[in-house]
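The exercises below are meant to be worked through with the structure open beside the text.

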Amino acid sequence: MQEAMMRRAKELLADGTVNRVLGWQKGEFAYDHTPAVFDSADQLEQFVYDDFTAANLSKYLVKETKQEGKILAFLKPCDTYSLNQLTKEHRVNRDKVYVVGIGCEGKADVEKIKALGIDGILGIKAEGDNFVVETLYGNQTVAKTDVLAERCVVCKSRKLMTYDEILGEDGEVINSNRFDMVEKLENMTADERFAFWQNELSRCIRCNACRNVCPACTCEKCVFDNVNSGIANTAAADSFEEKMFHVIRAFHVAGRCTDCGECSRVCPQGIPLHLLNRKFIKDINELYGEYQAGEDTDSKGPLTNFTYDDCEPSIVHERGVE
Amino acid sequence: MQRIGVFVCWCGSNIAGTVDVHKVAEALKSEPGVVIATQYQYMCSEAGQTLIKDAIRDHKLTGIVVCSCSPRMHEATFRKTAAAAGLNPYMVEIANIREQCSWIHKDMEVGTEKAIILGRAAIAKVHLNAPLVAGESPVVKRALVIGGGIAGIQTALDIADAGFPVDIVETKPTIGGKMAQIDKTFPTLDCAACILTPKMVDAAQHDKINIYAYSEVAEVKGFVGNFSVKIKQKARMVDPVKCTGCGLCVEKCPMKKVPNEFNLGMDKRSAIYIPFAQAVPKVATIDPTACLKMKTGKCGLCATVCEAGAIDYTQQDSFIEEKYGAIVVATGYNPINLDQFDEFAYNQSPDVVTSLEFERLTNAAGPTAGTLLRPSDGKHPHTLVFVQCVGSRCDGAEKGKSYCSKICCMYTAKHAMLCREKYPDTEVYVFYIDVRTPGKNFDEFYRRAVEEYGVKYIKGMVGKVAPQADGSLLVQASDLIEGEQLKIKADMVVLAAAIEPDQSARPLATMLTASMDTNDFFTEAHPKLRPVESPTAGVFLSGCCQGPKDIPETVSQASGAAAKVIGLLVKDSLTCNPCVAHSDELMCNGCSACEKVCPYGAITYQDKEFRMPDRTTAIRRVASVNPAVCQGCGACTVACPSGAMDLNGFSNSQIMAEVDAICK
Amino acid sequence: MQVEKKEFKPTIVAFCCNWCSYAGADLSGTNRLNYPANVKIIRVPCSCRVNPMFVLRAFQRGADGVIICGCHPGDCHYTTGNYYARRRMTLLFSMLDFLGIERDRTRLEWVSAAEGAKFAKTMNEFVEAVTKLGENKRLEDLRCKKQ
């Protein structure tokens with residue numbers, strides 16, 4: 001796949017369709033590929049793509065489409081949802097992106113691999129239902145189901161929402177069980193839920209990684225960085241701060257979040273932040289009708305819309321466990 | 001740092017009775033930025049205002065807090081006071097320590113403590129106030145009157161006489177409304193047509209009045225001074241310009257079995273019809289549900305006989321868009337549906353009629369040419385029973401209305417009196433709960449019915465009307481004064497049905513963003529002091545759409561509404577509310593979230609060039625708010641994730657400062 | 001030694017829209033209908049002006065309950081504001097519930113300008129419910145508390 005992508009990128013650079021390529025390059029370790037922009041065939045030698053290439057590239061297009069010329073972006077199904085949403089919000093100029101959609105079978109979560117006691121990771125290869133992990137100490141075979149990222153285990157869609165061409169195979173929208181964990185929490189008592197979140201959120205170090213990676217968080221200036229907003233704060237001085245930050249962040253992306261799962265992927269503390277977003281998505285689906293952000297570029301989002309007979313907030317009392 | 005003055009009002013004993021005003025002033029004196037805190041018996045009085053003005057000048061105040069009654073009461077007063085002393089009027093904040101404090105708390109300590117906190121919140125807010133300057137928006141010098149009954153006609157005539165063009169939109173093929181169906185009017189007994197039809201003609205002939213009959217309001221956009229209204233002209237299948245109203249088509253039309261709505265279905269009309277002889281505009285209308293040509297394609301007789309060539313079976317609904325400075329609602333009323341009142345046998349016997357039907361039965365232009373005849377057999381009735389309050393003043397909401405329909409007592413007295421006058425051989429009973437006759441010459445009128453005409457008024461309710469085999473109606477009722485059960489064999493029963501707002505009022509209110517009460521009557525801006533205005537600026541109320549009323553009252557309200565409209569239209573421009581949204585371009589993402597929630601279309605986007613921190617320039621899409629269109633709801637401020645959109649006078653930081661002050 | 005227990009009086013912030021609920025609150029005053037003094041009203045132009053940030057801020061600063069009052073659906077002075085508020089607050093309240101915050105600390109109620117009695121009743125009920133819950137400990141910011 002990597003070869004095919006590099007070949008195609010070079011062709012598109014050569015024929016002038018694009019003047020830059022947005023992809024990934026190797027990081028310090030074999031599993032921390034980072035997004036990168038390449039502007040020549042030579043540079044493309046650094047291009048990398050494998051089952052560790054997890055980062056959603058769409059957010060980078062906010063900045064990149066303000067530059068001269070068209071950029072080639074390799075986008076996974078998840079990323080195409082984000083691109084559509086960004087296009088809808090006028091954050092990305094779709095005309096300045098050449099999207100090569102790439103099929104996706106799910107990405108490996110290196111933390112899960114490490115947890116199996118595998119060290120010295122050098123690379124990864126998918127083989128049927130397994131991953132073959134290349135290590136300093138030889139190859140190890142692990143079942144995909146054991147090491148796939150959570151968001152891939154409950155993948156909502158392998159279908160590309162927008163593209164100019166496809167490499168590999170387009171998939172289908174999946175009837176996933178991604179809300180199971182949210183439901184499990186909903187069925188806990190309020191005290192249990194509070195204990196759960198207190199435990200999770202108290203680990204937050206306010207590094208802002210979740211915000212910085214989030215393709216829905218593309219504000220010119222974040223309210224939490226704006227001293228005039230009245231809620232600016234940076235350090236986690238008190239347990240309230242995390243709650244304020246994460247609730248407001250989740251609220252700001254409610255109805256816009258495509259559930260790409262990047263927030264949880266990058267959280268250094270392993271906080272399941274996606275559950276907050278998924279809670280909103282689940283509520284929106286249940287209360288206002290099925291809505292998947294990023295499916296299109298022109299629908300009205302659920303929070304910029306209403307119906308005359310929407311439910312009242314008191315519905316919170318009628319649902320779930322107190 | 002602001003220099004803030006705090007003025008605590010006693011409101012006589014209204015505030016000072018449960019709030020220690022001295023203590024409040026003393027406590028607020030030590031708040032940051034406060035340079036003077038004082039109290040006075042009546043801040044809104046001349047002397048109180050002078051006290052404020054002097055303090056503004058003497059202490060060089062940059063902001064003031066008045067702890068007094070609700071800002072809904074005197075905010076405007078104190079803003080004017082500030083302006084008179086050279087302080088920007090938007091540097092005034094009111095702490096509501098009367099309605100929301102002294103009047104609801106009995107304990108002096110509790111009231112005082114709360115008043116201090118409310119004062120603190122207002123001080124915290126005023127620290128963040130900024131001087132605001134109101135913009136201006138032009139006024140379109142044209143009015144729209146919705147509804148062409150006596151209310152709409154009177155309003156339109158008054159506005160037009162003042163020199164402003166007026167359009168009347170009437171959903172029926174003719175103007176005239178309910179009054180055109182009425183026979184005689186109380187308490188003078190002059191004929192309704194004789195006083196109404198000349199006004200209809202005046203309206204039609206007035207060079208400033210344009211009548212859109214058989215039309216409806218389809219869409220309303222804009223705001224006071226600048227409404228844009230889409231009017232739907234329903235297809236009449238007759239060209240109103242060509243039609244001379246000769247009536248030949250009506251005469252020749254072979255389809256003559258259509259229930260005549262003008263006579264409440266008590267006789268028949270043809271498929272092409274003119275509602276009544278004095279209709280304005282006097283233009284024929286084809287009823288597409290009855291017309292053979294429209295239904296089967298066969299016939300076309302009216303087109304053949306029409307010498308003017310006015311018939312056009314292909315006519316479609318058309319739309320007109322017009323701009324108006326003011327809109328008057330005059331949508332009127334209807335008697336309620338009596339299906340739920342089985343006990344009166346309204347649906348079982350044609351001889352049980354509503355008062356409006358009775359009106360037609362006694363009208364010279366009605367189905368019986370004015371001779372009172374029993375609908376079932378066309379015979380002269382001898383015993384008539386009138387029942388008042390049918391559906392009015394009902395307890396509970398299961399059926400009927402809780403309010404008094406106001407006009408029934410008087411028209412029932414009129415019917416009963418006329419009945420006895422014209423047919424002295426009749427026996428007339430009126431069953432009532434109360435007889436309400438507060439109006440000029442009203443009680444005298446009622447007493448004449450009883451004393452001179454011998455109408456038998458019985459206090460009590462009718463329990464049941466049972467149609468008998470011999471065609472008579474057995475009325476079972478109780479006489480509450482004599483305390484006995486009555487059984488009356490009647491030839492006719494007349495029900496004074498409650499009246500309710502026209503069905504078109506509710507959707508219209510939504511279009512106008514005008515508020516309504518639970519009965520779908522339009523609410524007035526103030527029940528006592530602003531009875532002809534809706535709370536929505538630029539929307540005025542005329543007639544029964546606001547509440548039940550008789551003709552003299554309707555006409556007074558119609559003229560009142562007209563006066564308010566004229567007062568608006570003589571202005572060349574209006575001062576805008578400066579408490580509108582504004583966008584910080586540097587923070588705006590251009591995401592359109594604000595635009596999507598704006599109910600007024602006040603937000604537009606433009607691509608602007610910005611210098612970036614790295615000294616490059618970038619084109620960015622940013623929002624801008626039209627302050628003349630924005631009404632200041634603030635929906636956009638919450639939709640905006642970056643906080644670029646904020647609201648003057650109710651900014652994020654101001655509200656949070658209030659929150660902080662309250663929670664401290 | 002007996003510790004003197006002070007009766008818990010919750011701090012309640014009520015956001016009221018200017019056109020209906022604030023007028024309703026005024027009417028409740030005009031009719032001398034009592035409700036506890038711990039309810040403090042903040043006037044906003046419309047319920048749609050209430051940012052979830054304000055609600056959280058109130059809790060942070062020590063409020064024990066936050067109630068938002070607006071015009072009845074269909075009666076919004078600005079036509080649609082309360083419909084947006086309804087969605088926003090439904091989702092916010094649901095999220096707070098999800099985090100294990102007591103449901104009775106938040107409420108949204110439609111109060112018209114004519115419903116002075118409803119305003120007083122609503123506030124009495126709300127204060128009672130919040131009093132039962134006791135102090136807001138789950139969303140407070142300890143630094144903002146009086147020592």
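**Exercise 1.** Which residues are buried in H16(B)?

**Solution.** Keep in mind that this is a predicted model. Begin by locating the helix, which covers residues 551-569 of chain B and has 19 residues; from its first C-alpha to its last it reaches 26 Å, close to the 27 Å expected at 1.5 Å a residue. Next, apply the cut-off, by which a residue is buried if 20 or more other C-beta atoms lie within 10 Å of its own. The buried residues of H16(B) are then Ile551(B), Thr554(B), Val555(B), Gln557(B), Ala558(B), Ala561(B), Ala562(B), Lys564(B), Val565(B), Leu568(B) and Leu569(B). Finally, look at what covers these buried residues: among the covering elements of chain B are helix H7 (150-161), strand S6 (143-146) and strand S29 (539-541).

**Exercise 2.** Find the order of the strands in the open sheet of 3 strands in chain B, and explain what is left at its edges.

**Solution.** The order is S11-S12-S17, with antiparallel pairing. Strands S11 (215-223) and S17 (318-324) of chain B each have a single partner strand, so one side of each is left without a neighbour in the sheet. On average, neighbouring strands of this sheet are turned by 20° against each other, direction ignored. For the pair formed by S12 (residues 226-233) and S17(B), count 7 bridges, and note that Lys232(B) has Phe319(B) as its bridge partner in S17(B).

**Exercise 3.** What distance separates the centres of domain 1 and domain 5 of chain B?

**Solution.** First take the bounds, which are 4-126 for domain 1 and 581-648 for domain 5; the centres, taken over C-alpha atoms, are then 35 Å apart.

Note on methods:
Residues numbered from 1 in each chain as written. Chains lettered and ligands numbered in written order. Predicted model: local features only at pLDDT ≥ 70, side-chain atom pairs only at ≥ 80, totals over all residues. Helix = DSSP H or I, 4+ residues; strand = E, 2+ residues; numbered from the N terminus. Expected span 1.5 Å × (residues − 1). Buried ≥ 20, exposed ≤ 12 C-beta atoms within 10 Å, placed from the backbone. Contact = placed C-beta atoms within 7 Å. Pairing = 2+ DSSP bridges. Axes fitted to C-alpha atoms, helices over the stretch in contact; angles between N-to-C directions. Domains from an automatic or database assignment.
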